[in-house]
Amino acid sequence: MKYRIYHIILFTILSLTWVSCTEDVTLENPNQLTQDTFFESLQQIEAAANGSYAQLQSSGLYQRFGYIIPDSFSDEMQSGGDANFITSWSFQLTPTTPQVDQYWTTCYRGIAACNFLLGGEAKMRERLASGGVDFTEADINDAIGQGRFLRALYYFHLVRRFGGVPLIVDNDNALDIPRSEEEQVWAQIKSDLRAASLNLFEKGSTEEGRATKGAALGLLGKAYLFNQQFDSAKFFLDQITGYSLLPLEEYNDNFNESGEFNDESMFEVVYTGEQDGSQWDQNGRGLGEVTWHAQEYTGWANIIPSQKMIDEFEDDDPRLQSSVLENGDSHGPNNSFTWGGGRVWYKFSQLYENEQTQENGDTNARLLRYADVVLMKAEAELRLGNSTMAIDYLNLIRDRVRLPRYGTDEMDSRGYPVNNPDQIFEALMHERMIELCAEQQRYDDLKRWNMDGSEITVDDNGTNRGYNADIHRLMPIPQTEIDANASMTPADQNPGY
Amino acid sequence: MLRLVVMLFFLTSGLGNLHAQQRTVSGKVVLEDGSTVPGVNILIKGTNTGTVTDLDGTYSINVKENDVLIFSFIGLITQEVAVGSRSKIDIAMQEDVQNLQEVVVVGYGEQKKATLTTAVSTITGDDLNEYPVADVGQALQGRAAGVNITNNGSPGGRTLIRIRGLSTFGDGDPLVVVDGVFLEDSEDLRNINPSSIEKIDVLKDAAATAVYGSRGANGVIIVSTSRGTPGKTSVKLKTYGGIQYSNQRYDVLNTDQYIQFLREIAVQDNDGAVASVIADPNFDGDGINTNWQDELFRTGHTRGADVNVSGGSNKGRYSFGVSAFDQEGIYIDTRFERYNFNINSEGNVKNRVKIGQNLSLGHSQRVSPVVWGGREPLYNAIALPPYIPVRTADGQFGSSLDSRDGNDAVNIVRVTETQDNLNSFNSIYGNVYADFQIIDGLSFRTQYGLYAFFSNQNDISRAFQTTGRASQSETFINKGRSQFLSQQITNTLTYGQSFAKHNLNVTLVQESQDKNFSNVSTFLSTDLTSELEEIVNGTSESFSIPEKLFSYLGRINYDFDERYLLQLSLRRDKSSKFPEANQVGWFPAASVGWIVSKEGFGFLNAWNVSNLKVKASYGVTGNNQIGFNAFTSAIARDFFYPVDGQVRDGAFIDGGNNPNLRWEEATKQNYGVEVGLWNNSITASVDYFINSSEGLLLNDRVSSSSGILSGTIARNVGDVEVKGVEITLGYNKQKGDFQWNVWGNISTAEATVRKLSNSTSIDQILLGNLNPPFSETLTRLAPGLPLYHFFGYVMEGVYSTDEEVVEHLGEASLATNPGADAGIQFQAGDVRFRDINGDGVITAEDRTVIGDPNPDFTYSINFSANYKGLDVSMLITGVQGVDILNANTWYLQSQDFIANFSTDVLRRWQRPGDVTDIPRFRFVGNNSNNFISTRYIEDGSYARLKNLTIGYSLNEELLQRLFKDTVGRVRFYVQSQNLITITNYSGFDPEIEPLYGGDGIIQGIGIDRGRQPQPVTFIGGLQVEF
């Protein structure tokens, strides 16, 4: 009997020992990188940063709707009849309009990409501390700076279009997030940009295309301007150094391909112009990234400068020729081509270098340039009561295009006296509209100044465009979001939709 | 098992009780036919003393006068003999046929059928081998209640096995276990030699399948291969050959009708596609009238041969066999070949130790039909212009694209000749095991199991030239090489003992499985040559999928007097497929039974009730059939972004991750009654089941603010309930030489969706993209409704006149007078849809449930009889109350582009006032006439004579005269498969396999798109046993 019991024990032990060795069943993915193993090298950290930019190239943003939507809302534009513009231009967007959904979704994909990068910070620092890695503290800071800058940029696109949106700063907590208050979104934007401005390199110290300290400060100043916090706007805008306004001879470099990353340019969305067959549903993925700006605004003339826009130019303003083409105008290198396609936008059209526009546009979208910073500084100073400083800044813009300065008899006679803050503001409005025309600034400027209702009225034919500031300041939340987001109900829709 | 324990014990004890009056008794044990039986246990009743017969069947044992000897052997009826004064006792033992059938393999052990409390169906090897099939799965058809088989009709094509209906949106395949070794996919059954199979047990309810834990939800198929009977050396030889064909054809326009049709529709032709036919008013097809369906179909040949050898002694037993099967499809250039070799053996190495092995090698090769440009071969055969020759006089392939009309169907003969799809598949499965007898009743078994396959996919599309515009200057070669290896170790501790009338059996199992699938594929396109078959400088990629599973299982079977039955089991699985927090799952089950007939109730005898059992079970199982690492999203590196003028890698999460992912869970209840009447000559069983599947995986839509690229996350959100009844009836009759039995079953499985999403606003999922030809979805999932029901418009006829349109929907819906917000526009000759919501316009809102592809019930009837040497058997299978979406209707009647169509179009609407069911020709895209509607829905009920066999065995006297003792049995037979099918379905075949999406999720069921018919088969065969 002893013998048998011994056997039982032996077999039990045998099987149990064998068991304990192999109970762990967790496996690593041999095919693809996973979140657990990522952020082990500088290459990987940079790749996560690069991926955070990629959504800016998508059709929801600067391939198409990133400029189509805000531009067509503004009074700078007259519809050419194209369906992609007419719905926004005539304020007929609904919760199911595809471009609303695309714009929203693209911004949030960008935010998820940033959150992926930012969520890896702890891992990067841990691995740096334990040694044996090929990246430094500075590399981490730069990557984190880029992630926070870009996240702020995506939220900046969302908050101006939709108001208080779901605030997602962590991919592990990204599902079914309810709408936040608009102020919370702005607070996140400012906090991200402040951190970015401390972490990022100055332009010239980092690679072309990456976010810089100057870009972060510029966007931060703009955010404060939108929040009517002019002292803070001034504080951050004043810290921007290393940029200058291009001379008039190089003014077109702000809008053409050869002049990308010039001394005035502060942040650009980069396009290579390479088509890989995905250009009808560009999602940031793949090698081919094109912008259709040149086709939309120029080749196809889907949206053209409004008469009001043309009328705003002073007769001798050289910026008109840089911005708009009319029949018979010459364009291209050494003005060797003659335009015959009617009144169209010249800016970002490829026609500075080419005879015709093409679908595979490779002209970078300029999201921030120093002229805008100068004008924002003017606005901040004006609001803070420093009229002289404001006029001085405005005149920097005037000087560059060799137009008469504000405060001179000439400008007074042209109808732009600057004797009191209201008049200076009139001049500022005029100058921003001209300098930044078709650069997705005008509509938000009007909103910020509470002048959208009075300015966006009728089109070139005198027909009412149907703008109602109480409704159209915000676009509808996409129906897909309301349907699939468990924390949202139809009551969360923006008013009027 | 108990018997084995006893046998082994006495083998080893070797100690007799040396008492005073002892003497020796010896003798010989034989079977009824006189053959000797080695290895028979002989035990002195009431003692532990015994012996075993030797190779000659002889024994000797020391006994006392009043001892009783018990002779026992597996498969033979146990006999008790009083010794008395005899010194020589010869015994003739009888085969216990009844008993053999009554043992059921339940997974990690066997159980007597009589005391079974769970739902298990057993199919014998004889039934499986009744007619030759390409794979074992096909042979299961009609053999067990609740087991449904669909095969796509192409040789070697996928056979789908569904047990008790479909209760998942993903992989509904049952788990397949062969001799305790897990196969990877039920499709892998095709590489198992059917004639090596002793029997198949199908576990259906959760109390039975819960022992397989996270893999049991779709049911389990347990295959046991034969391993020889001691004392009997048997050689079985089978050979057969035959033909298969289908005479089914769609009635399409001939050359004259086709040209006439083109001329008539030219009036409506918008883009001049038929202009050149019209331009030459004398064109009459040049006397060519090609029947393209006849070019596609052919009579295929089938042949096969099997040899099986088995035998053994008290030291061990063995079985080995080879098998070959070769079948040509009924479409040109399709074929399936299979070769198998298997060897099983088992031996006693020590007194208490037994070792054994199974090994099976398989090779198969399949040439599959070519789907060209997303079009089934049948589509091209229907649509090709009949005035095109297969080949022109100068040997070039004829082509539709020769500018005479806009028809773009491709020459199917050209396609099959220039494209080769060859897949070869080699597999190995096997195990080695050792069985230790620790003490009486307690045994330990350890088994190493292996399943491996190697698959070679070779697709070559060669450059070609045709008479028309269609040509291909490049040759494309695609090759895939896959390897799969699964290794498993199973340790089983079993304790079985009886205490008075209490019978107890306890099983403890520990099991681990390690799997890896790896694949390399390579691709080349070249215009240098179309001759080469291998790749130089191709583009390649590879991937691999590892998986691990680690499990414990405990099971207790208890019964009192084989009257009150109880079974409890609990399995714990730990799987690498799930995130760490969810890796472990517990799967409990319980079942009870009461054998009423053992109570000796008088009324049961009065009613001639020989057996009456009631049983109930409840259990939880899982379905872990999800992709590798589905819970964590991978990092994609192709979010490129240009920095410093260079395009750099950009990383982003590829899809959404769900860290809470777990297996689908199925809670199943089963209630059953088994009745036997008149000494079990009539048997009946009824089972009622409720399967409630929860947490079914669906790609659930997520808020786009999550930024998840795919917009969906795999979530455990779906609930499906399946309820059904299974009834089995059998009748056995023997009257002299005439013996017959009839057996039938009928099953229902009503599947209803209960839940689809966590989000309350998502109340339906539209599925079933079949593009081409349909841009709309065909099927839908919606709570409270049957799984995968068809969703579309209701066709009310064809508008005879424009006035009818106006009367129905008002002026605004008239196509010639379009109004705003008028929905779909119609005119005379268009299909009229029902205005379901009564709003006066036809819009997408007027779609409704238009068909249910889930049958009301399925059934089968099996009849067999034999008289002297003659035997007849017949198997009828059927499906009742099922809808099919016949997409062929589009091939045959769509009339919105240039193609050949069914002769039905001759009665199409042509002028106002025509009253017909075929709409007008309408040369536009997005033609509302072809929207998904009841126009495509047909009743798919059918009854089919699946098998009819007539055989004749030579009588023994003749054999004796001809071959002396060498040949034991000779049987000739002829048989036919699918000889008769009774159905109202207008397509070729109402037996339709599911439509799968690229992600492996079912998109729909009962959708017939160019389905190849099941061939009618005639086979003649010979069976010889030595």
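Me: How many residues of chain B are in contact with chain A, and how many of chain A do they touch?
Reply: 50 residues of chain B are in contact with 58 residues of chain A. Keep in mind as we go that this is a predicted model.

Me: Which elements give two or more residues to chain B's side of that?
Reply: On the side of chain B that touches chain A, those elements are β22 (419-439), β27 (502-526), β28 (539-560), β29 (564-575), β32 (634-636), β33 (641-643), β34 (646-648) and β35 (652-654) of chain B. The largest share, 6 residues, comes from β28(B).

Me: And what's that side like by class: how many nonpolar, polar and charged residues?
Reply: The side of chain B that touches chain A has 22 nonpolar, 19 polar and 9 charged residues.

Me: What joins β1 of chain A to β32(B)?
Reply: 2 bridges do, linking β1 (residues 33-34) of chain A with β32(B), and these strands run antiparallel. For one pair to look at, A:Leu33 has B:Ile635 in β32(B) as its bridge partner.

Me: OK, over to chain A by itself. How many helices and strands does chain A come to?
Reply: Chain A has 21 helices and 9 strands. Its C-alpha trace spans about 120 × 45 × 45 Å along the principal axes.

Me: What percentage of chain A's residues are buried?
Reply: Of the 497 residues in chain A, 49% are buried. As for contacts in chain A with a separation of 6 or more, 65% of them are between residues 24 or more positions apart.

Me: What about helix α3 of chain A, is it mostly covered or mostly exposed?
Reply: Mostly covered: α3 (residues 65-73) of chain A has 9 of its 9 residues buried. They are A:Phe65, A:Gly66, A:Tyr67, A:Ile68, A:Ile69, A:Pro70, A:Asp71, A:Ser72 and A:Phe73.

Me: Now some helix packing. At what angle do α15 and α17 of chain A pack?
Reply: Helix α15 (residues 387-400) and helix α17 (residues 421-435) of chain A pack at about 25 degrees, and their axes are 11 Å apart.

Me: Does that make them roughly parallel or roughly antiparallel, and why?
Reply: Angles under 35 degrees count as roughly parallel, and therefore α15(A) and α17(A) are roughly parallel to each other. The crossing of α15(A) past α17(A) is left-handed.

Me: Which residues make the contact there?
Reply: From α15(A), A:Ser387, A:Ala390, A:Ile391, A:Leu394 and A:Ile397 take part. From α17(A), there are A:Pro421, A:Ile424, A:Ala427, A:Leu428, A:Glu431 and A:Glu435. The residues of this contact of α15(A) with α17(A) divide into 8 nonpolar, 1 polar and 2 charged.

Me: Why might residues three or four places apart point the same way?
Reply: An α-helix has 3.6 residues a turn, so residues with that spacing point the same way.

Me: And α6 with α7 in chain A, at what angle do they cross?
Reply: Roughly 175 degrees, with the axes of α6 (residues 121-130) and α7 (residues 137-162) of chain A coming within 10 Å. So α6(A) and α7(A) are roughly antiparallel to each other. A:Glu121, A:Met124, A:Arg125 and A:Leu128 of α6(A) meet A:Glu137, A:Ile140 and A:Ile144 of α7(A). By class, the residues of this contact of α6(A) with α7(A) are 4 nonpolar, no polar and 3 charged.

Me: Back to chain B. In what order do the strands of the open sheet with β3 and β6 come?
Reply: This open sheet of 4 strands in chain B goes β3-β2-β5-β6, with antiparallel pairing. The edge strands are β3 (50-52) and β6 (79-82) of chain B, each pairing on one side only. On average, neighbouring strands of this sheet are turned by 20 degrees against each other, direction ignored.

Me: How many bridges are there between β5 and β6 of chain B?
Reply: 4 bridges, with β5 (residues 68-72) and β6 of chain B paired in the antiparallel sense. B:Ile70 stands opposite B:Glu80 in β6(B).

Me: Last topic, hairpins. Through how many residues does a hairpin join β18(B) to β19(B)?
Reply: Through 2 residues. 12 bridges join β18 (residues 300-313) to β19 (residues 316-328) of chain B, and the strands run antiparallel. B:Val309 has B:Phe320 in β19(B) as its bridge partner.

Me: What about β19(B) and β20 of chain B, how many bridges join them?
Reply: 13 bridges join β19(B) to β20 (residues 335-350) of chain B, again running antiparallel. There, B:Gly316 has B:Gly347 in β20(B) as its bridge partner. The hairpin of β19(B) and β20(B) has 6 residues between the strands, and B:Asp333 in that hairpin takes a positive phi near 55 degrees.

Definitions and conventions
Residues are numbered from 1 along each chain as its sequence is written. Chains are lettered from A and ligands numbered from 1 in the order in which they are written. This is a predicted model: local features need pLDDT of at least 70, side-chain atom pairs count only at pLDDT 80 or more; totals for chains, interfaces and linings use all residues. Two residues are in contact if their C-beta atoms, placed from the backbone, lie within 7 Å. Ala, Val, Leu, Ile, Met, Phe, Trp, Tyr, Cys and Pro count as nonpolar, Asp, Glu, Lys and Arg as charged, and the others, Gly among them, as polar. Two strands pair if DSSP finds at least two bridges between them. A residue is buried if 20 or more other C-beta atoms lie within 10 Å of its own, exposed if 12 or fewer, and partly exposed in between; C-beta atoms are placed from the backbone. Axes are lines fitted to C-alpha atoms, for helices over the stretch in contact, and angles run from 0 to 180 degrees between N-to-C directions. Angles under 35 degrees count as roughly parallel, over 145 as roughly antiparallel, 65 to 115 as roughly perpendicular and the rest as oblique. A crossing is left-handed if the near helix is turned anticlockwise from the far one by less than a right angle, and right-handed if clockwise.
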